[in-house]
Each structure stands twice: as structure tokens, then as C-alpha cells.
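Please have the sequence and the model at hand.

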Amino acid sequence: MEKPLKKDSIYKNDHITKVRKLLKGELGLLLILAVLIVTFMILSPYFFTSRNLLNITRQISITLIVAIGMTFVILTGEIDLSVGSLAALAGVAAAAAINATGSILIGIIAGLVMGFAMGAINGLLIVYGKVQSFIVTLAMLGIARGIALVWTGGKPISGLPISFGTMGAGYVGMVPVSTIIAAGVFLIAYYFMNRTKHGIYMRSIGANTEAAKLSAIPVKKYRIIAFLISGLLSGLGGILITSRLLSAQPTAAEGMELNVIAAVILGGASLSGGIGTILGTLLGAMVIGVIDNGMNLVGVSAFFQQIVKGIIILIAVMAKRGE
Amino acid sequence: MSDQKNDIGKTVLKLENIKKTFGGIQALKGVEFSLREGEVHALLGENGAGKSTLIKILTGVHKMDTGRILINDKAVEVDNPISARFKGIAAIYQELSLVESLNVAQNIYLGHEPVRNFFGAVDFKNILKKSLDYLQTFGIEINPNTLVQDLGMGEKRIVEIVKALSIDARILVLDEPTTGMSAAEIDTLFRIMDDMKKKSVNMIYITHHLEEVFRICDRASVFRDGENAGTFNISEVDSSTLVKAMLGKELKDEFTTRMGMAEPVEMLRVEGFRSERMSQPISFSLKRGEILGITGIIGAGKSELGLGLFGVDKKVEGQLYIKDVPVDIKTPIEAQNNAIAFIPEDRKELGLFLDLSVEHNITITNIDAVISKTLISKRKRAGMAQDTAERLKVKPNDIKMAAQNLSGGNQQKVVLGKWLSGNPEIIILDEPTRGIDVGAKSEIYKIIQNLADEGVSVIVLSAEFKEVNGICDRILVLRKGRIIEELTRENSSTEKILSAALGG
């Protein structure tokens with residue numbers, strides 16, 4: 001019953017859809033990024049120097065790492081509001097472990113384990129406790145922050161060895177170490193999402209949970225794994241913050257979840273799940289990084305910056321919705 | 001069939017030459033229908049005969065392509081459900097539209113609550129009192145203060161009817177109202193319907209149960225292939241006349257004759273099996289390379305059986321044997337490990353990842369096969385998708401296309417392809433051709449027969465009796481969860497299946 005004419009027209013339409021899709025997705029974001037960069041180039045001569053551009057990559061590295069974890073969570077159709085608090089708690093755990101043992105390696109492991117464990121608690125409560133992720137991670141946002149504050153008595157843990165600062169503040173040549181770490185996380189996550197069954201299963205779950213179940217996908221396992229990844233990468237982010245400041249602040253990364261979710265959504269992910277890419281999240285984080293950095297250089301007041309950022313995010317997301 | 005034989009009143013509703021096309025498929029081909037004052041008029045017909053489409057046009061859910069609706073001899077426009085309500089047309093669908101967390105009275109008056117002031121404060125005392133009046137008029141013992149979630153299925157349906165009456169519906173459509181009702185509740189329903197008749201509420205009654213038609217209806221219109229194939233006075237006909245009218249003449253050409261046949265080797269044996277949503281335990285066996293049809297009207301328990309066998313619903317009792325080895329299947333993953341595949345009835349909700357590509361959909365159940373070392377090979381994955389898509393003739397031949405852009409028939413092929421790439425030994429198909437056009441249907445039949453010829457055992461769960469009769473080697477007819485008839489290819493006919501399924 002298929003007429004040849006119809007087939008042709010479907011193909012033609014498909015090319016147009018492909019271009020539209022690209023515009024809606026990564027290409028559109030690239031365009032926005034280009035516009036922002038050109039604008040700031042005109043407004044500030046210092047903006048487009050290699051030194052400043054590398055500086056931007058350092059500034060966005062932590063947001064990007066945590067946002068990559070969030071991408072997996074959002075891909076499965078869930079949300080993780082606890083990332084900022086988990087980062088702070090992991091930073092405190094890392095600092096405490098370093099001070100107790102004198103070993104930086106043990107400190108890093110302690111921070112990662114803390115993030116992983118809290119992510120596991122989130123995932124288990126959501127999947128087996130059958131509570132919505134919004135609620136579980138909102139509660140965890142308070143609980144983890146509270147533990148960090150109680151643990152430290154509200155005061156920063158300092159006196160960390162200078163060499164620990166390399167991770168967050170060091171450079172290899174001109175390239176910041178944290179940029180290199182973020183790039184590594186990006187590459188691993190990119191392959192994990194697109195070239196392993198794990199990523200493909202998580203996307204399926206977000207796209208249609210019932211169909212995923214009937215496709216013999218272990219749905220519960222992968223919903224938990226998404227929160228484990230988010231917890232682990234929040235932990236890594238917390239360690240980097242601690243390293244950069246050479247002290248663990250129990251109040252660090254407050255409100256981080258908003259920037260992180262904004263980066264993922266800017267990157268084209270859908271809050272209802274199934275749609276979203278690691279590359280998109282990278283571009284989303286870059287847009288936010290460029291806005292922050294550029295406005296600082298131009299000298300926009302910190303208060304005003306928030307308004308501008310909010311508006312730009314709204315416009316970017318709405319522009320992608322349209323054609 | 002004399003039209004003036006009874007002194008039942010004048011015609012209150014007349015539908016003239018109603019036509020409706022959905023994406024190239026003509027669902028209604030010029031339907032004529034009339035409803036008289038004070039009658040209960042049954043709509044009969046197989047699934048897809050056009051009953052629901054007609055009702056949806058009458059209630060403003062769908063827009064007709066051509067035709068006229070006359071109420072009391074005046075042509076009216078029914079553009080949407082709200083305008084239908086204003087014209088006194090109300091429908092009670094199979095899916096209930098009650099708000100579970102509100103009480104009976106609030107539900108009855110939902111959307112037309114009497115308000116006391118500018119701020120919209122609802123006059124609760126008033127609606128409680130009025131609801132109680134309504135319920136008592138019809139002799140229904142339901143406290144209007146009860147939350148709907150605390151009512152049984154039958155009571156909920158009755159509340160739904162009262163809700164329709166509270167807006168003074170003159171024309172009431174009841175779509176399979178006895179689904180899930182106990183015998184006592186059905187008695188109550190019929191008593192209410194008798195009462196309503198006396199209060200000149202005119203009813204259109206859709207059902208698959210012939211005995212109900214003979215109990216409560218005055219006339220019946222039989223739908224077949226988008227047309228009204230005849231209107232009968234119930235007092236003048238018997239059930240076999242109605243069954244014959246529903247079937248029309250049989251078309252054998254849709255189905256190609258099967259080349260191969262079942263091997264005398266048992267593949268699956270089901271002994272006293274019952275899952276949580278099944279009402280009765282069931283036993284049957286399935287041979288290697290056999291196409292077994294399990295049929296019955298909607299609600300007979302076909303889908304529940306399929307979901308139970310595939311490990312979606314929990315097993316309550318009984319035992320499954322695959323190649324004579326007892327197996328315990330608790331999840332779809334375990335079913336897949338036992339080489340069982342399941343193609344669900346609801347393609348869009350349960351079968352497909354609509355936003356994702358054909359490639360993603362086809363390879364998802366067998367992704368392990370395209371991993372080389374640790375990463376998925378893009379080339380192998382695309383190759384698997386391409387091979388399967390070509391084998392099933394998915395059109396257009398573009399594996400990167402999102403599944404939602406395919407036609408229904410091609411979507412169904414993709415769902416099939418999803419499982420075929422894993423080489424299953426048992427395939428359970430739930431309503432494999434629902435909502436797809438004739439051309440795609442015969443392609444699907446061909447695929448099913450080819451699979452069986454290759455030695456795959458196939459279970460077809462279907463309420464389309466012609467289809468079951470046309471493609472299956474053996475047929476089990478279910479009624480209220482029980483196997484009541486077993487037919488083989490040699491002795492089966494659509495008429496036998498239909499009679500057994502309807503119990504008429």
C-alpha cells in the first residue's frame with residue numbers, strides 16, 4: 001500500500017527534520033554560544049584571550065562534572081536536588097580523612113565513597129521506598145548539608161597540605177588540572193552513555209518505563225545506577241572545590257543544583273526523560289560559564305548578573321522549543 | 001421488521017449518512033441510525049466495526065467528515081463534549097471518569113456545582129441533599145458522602161450514570177457498562193435502566209454480551225465494517241440471527257494458507273496457571289512451530305494471561321514447563337532468558353520508545369550481541385537493525401527515523417523486530433493487528449506464519465475472531481477467564497468461535 005511518492009516525501013522531510021533537530025539540539029546551542037562570545041569580545045578586549053578562555057574551562061569544570069551526573073538522572077526521567085549538599089559533605093569527608101591519615105589518596109577516596117554512598121541512599125529510597133526523586137533528594141539536600149554542618153561544627157576544615165591544591169587550582173602548562181579532570185569525565189561519560197548498553201538502557205527507561213520493563217531491561221537497577229553516578233560525580237565536584245580552596249567549607253556549593261540543572265536543560269535534555277546528551281550538557285555548561293565570566297569582565301554588578309543569566313537561560317530554552 | 005409495530009414513541013435521534021476517515025482508513029462509511037423515545041437500543045458488532053467511532057462523533061469527541069445529526073427532527077452541531085452535554089447527550093465510557101478522592105455527591109455535581117457566592121464557594125449541603133434525592137429516586141443505596149475510592153466497580157458505574165442524569169441527559173450512551181460488575185450489580189443496573197426508560201431517558205447500549213441484549217434492549221443495530229448492517233426488533237430475532245449479521249460473508253482471501261505445520265514436540269505446558277489479575281487457573285500446551293490462538297471478547301482474560309506468562313504480573317498458582325522442564329518466570333528478564341518474547345497490545349504505551357530511533361527500538365532487547373570488547377559497535381548495531389528492518393519490510397527503510405513517524409503497521413513490525421533479533425522460541429502476541437490497515441495486517445500474518453514455519457511457537461491473543469480463525473492451527477476460546485472451547489484448524493469457523501465467546 002506504500003506509494004513511491006510518499007516514500008520520497010518522507011525522505012525529504014527527514015532531511016529537513018534532521019537539520020531542525022540539530023538546530024534545536026547542539027547546533028542551536030553552539031549558535032547561542034557564538035553570539036555570546038562575539039558580544040563579550042566586543043565588550044571586553046581581554047575576553048577572547050587564551051588565558052581567559054582556559055580560565056573559563058576551569059570555572060565551569062566543577063559545574064560540568066556534576067551536570068554530567070545530573071544528565072544521567074534526568075535521562076531516566078528523575079531529578080537530583082541534593083548534588084550541592086552531597087558535594088559539600090564529600091568535601092568535608094575528604095578533608096577530614098586527609099587530616100586524620102595524612103594521605104591525600106585516602107582523602108580523595110573518602111570523598112568519592114561519601115558521594116557514592118549518599119547517591120546509593122537516594123537511589124534505594126526512590127526505587128524501593130517508592131518515593132518520588134524530587135522529594136527524596138529534597139530531603140537529602142537538607143540532611144547531607146546538616147551532616148556537613150554538624151560534623152564541622154559549622155567551621156571550615158583547613159590545614160590541608162598544599163600539594164592537595166593541585167587538583168582544583170594547579171596547572172599543567174597553561175591548562176588547569178581541573179579542566180583535564182572534567183575532560184576525562186566528559187569522555188568516559190560520553191562513551192558510557194552512547195556506546196554501552198547501560199546508557200542505552202537508561203535512555204529507554206526515561207523514554208518509556210513500561211516499554212523498558214517489557215523489553216526485559218532491569219529498570220530498578222538502572223534507576224539506582226543513575227543516582228550512583230550523580231552521587232559519585234557530586235563527590236568529585238566537592239573534592240575539587242575543597243582542593244581549590246584548600247579548606248572544606250560545610251556551606252560550599254549552596255544552590256549549585258540550580259546551575260547544574262540549568263546546564264542540563266540548556267543542553268537540550270527533557271525533564272520527562274529519554275532525551276538529553278552529554279555533548280549538550282557540555283555546551284549548556286559552557287553557555288553558563290561564558291555568561292558568568294563575560295559579565296564579570298564587563299563589570300556587570302553581581303546582583304544584576306543573576307537577572308541577566310535567568311533571562312538568557314529562558315530565551316535559550318524557548319528559542320530551542322520553537323523552530 | 002415493521003417500524004410501526006410497537007407504539008414506542010417518535011424518533012428522538014437520527015443519524016444520517018455519517019462518514020469518518022482516520023488517516024486513509026474509512027472507519028464509518030455512511031451510517032444510518034435512529035433512536036426512538038423510551039427505548040434501549042443495542043449497538044452490536046466486532047471490534048473495529050465502527051461502534052465507538054460513531055459514539056465519539058455523537059458525543060463530540062470526533063468530528064464527522066460528512067453527515068447530519070438530528071435531535072427531535074432538528075439538525076444540530078455537536079462540536080465538542082460540552083456542546084453535546086448542552087444538547088442532552090451524555091456517555092458513560094468503559095474507563096470511568098470519576099475523581100476517586102472526592103465523595104459521591106461532589107462527583108455527581110462535578111463541573112456544574114451550585115455555587116453560593118462570587119468566590120465560587122460550593123453549596124455542599126445542597127448537593128448532598130440533591131444527590132440523595134437522585135439516588136433514592138432510583139432506589140440506590142449509596143451514601144452520597146462516601147468517597148468514590150471506597151466504592152466497588154459496579155457502584156462506581158452507577159454513580160457515573162447518576163452523574164449523567166443530573167445534567168438531564170435525554171440521550172444516554174452506555175459503553176459496556178457491565179464490565180467488572182457482579183450479577184447483583186447488573187440486576188440493579190437493569191432496574192435503574194428500566195426506571196430511566198419510564199422517565200423517557202433514551203439509551204444506546206454497547207455490549208458484547210448477547211444475553212444482556214435480550215434482557216434489556218428493545219432494538220439492536222448490528223455494525224459491520226463501518227456500516228449499519230441492520231436494525232432488528234429484539235422480540236423478533238434470536239441470537240444466531242444477530243451473530244450472522246455481525247459476521248456478514250466470510251472473506252478467506254485475507255489469509256494465506258500456511259505451508260508448514262506444528263511439530264509433534266511440546267514446547268510449553270501451562271498447568272493450572274493463574275497470575276494475580278486472572279480470575280481462573282488455566283491449562284494448555286503449545287507445540288513447537290504451532291500457532292495457537294487464544295480468543296474471547298474483551299475482558300475474557302487474554303491480555304492478563306499474556307502478562308502473567310511473561311512475568312509482568314505475579315504468579316499465584318500453577319506451573320509452567322518449557323520443553324518439559326519446570327520453569328519459574330518472575331520477571332520479563334527471566335522470560336527473555338527462557339527465549340520467550342511478548343508483543344503487548346498497546347503498541348505506543350507498552351511496546352515502543354516513540355521518541356527514539358527504529359535502530360534503538362529494534363536493538364534494545366539484544367544489545368549484548370552488538371558489543372565488541374567493551375563498547376557497542378555502531379556498525380554491528382546498525383547492521384542488526386537494518387537486517388531486521390529489511391526482513392520485516394519496515395517502510396520507510398530508514399533505521400535512524402524516530403518510531404513515532406512510522407505508520408501503525410510499520411510500528412508493529414518494529415515491535416516484532418525488537419524481539420526477533422534475539423531469536424525467541426516462544427512469541428506471545430497480544431492483539432497483533434489492532435488499529436493497522438488491511439495491507440499491513442496481511443503482512444503481519446505472513447510474518448507470523450513464517451516464524452512458525454521456522455519452528456517458533458506462537459501464541460496469538462486476539463479478540464478478532466476472523467483473524468484467529470484465519471491464521472491459527474488451534475484455537476482456545478476464553479469466557480470469563482475459563483477455556484470453554486477448543487477448536488482446530490479443521491473444525492473451526494468464525495461463527496463457532498463467536499458463539500462460544502459470546503455464550504449467546
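The radius of gyration is taken over C-alpha atoms, and the globule rule is 2.2 Å times the number of residues to the power 0.38. The model is predicted. For the 323 residues here, that rule puts a compact globule near 20 Å; chain A has 21 Å, which agrees.

Along the principal axes, the C-alpha atoms of chain A fill a box of roughly 75 × 55 × 35 Å. Chain A holds 14 helices and 2 strands. Of its 323 residues, 48% count as buried. Take the contacts in chain A between residues at least 6 apart in sequence: 79% of these join residues at least 24 apart.

Now the helix pair. How do α4(A) and α5(A) cross? Their axes come within 7 Å and cross at roughly 150°. Angles over 145 degrees count as roughly antiparallel, so α4(A) and α5(A) are roughly antiparallel to each other. The crossing of α4(A) past α5(A) is right-handed.

| Helix | Span | Contact residues, among them |
|---|---|---|
| α4(A) | residues 83–101 | Leu86(A), Leu89(A), Ala90(A), Gly91(A), Ile98(A), Thr101(A) |
| α5(A) | residues 104–127 | Ile104(A), Gly107(A), Ile108(A), Gly111(A), Met114(A), Met118(A) |

Which classes of residue make up this contact? The contact of α4(A) with α5(A) has 14 nonpolar and 5 polar residues, and no charged ones. Gly counts as polar here. Among the glycines in the contact are Gly91(A) in α4(A) and Gly115(A) in α5(A).

Key. Residues numbered from 1 in each chain as written. Chains lettered and ligands numbered in written order. Predicted model: local features only at pLDDT ≥ 70, side-chain atom pairs only at ≥ 80, totals over all residues. Axes fitted to C-alpha atoms, helices over the stretch in contact; angles between N-to-C directions. Helix = DSSP H or I, 4+ residues; strand = E, 2+ residues; numbered from the N terminus. Parallel < 35°, antiparallel > 145°, perpendicular 65-115°, else oblique. Left-handed = near helix turned anticlockwise from the far one by under 90°. Contact = placed C-beta atoms within 7 Å. Buried ≥ 20, exposed ≤ 12 C-beta atoms within 10 Å, placed from the backbone.
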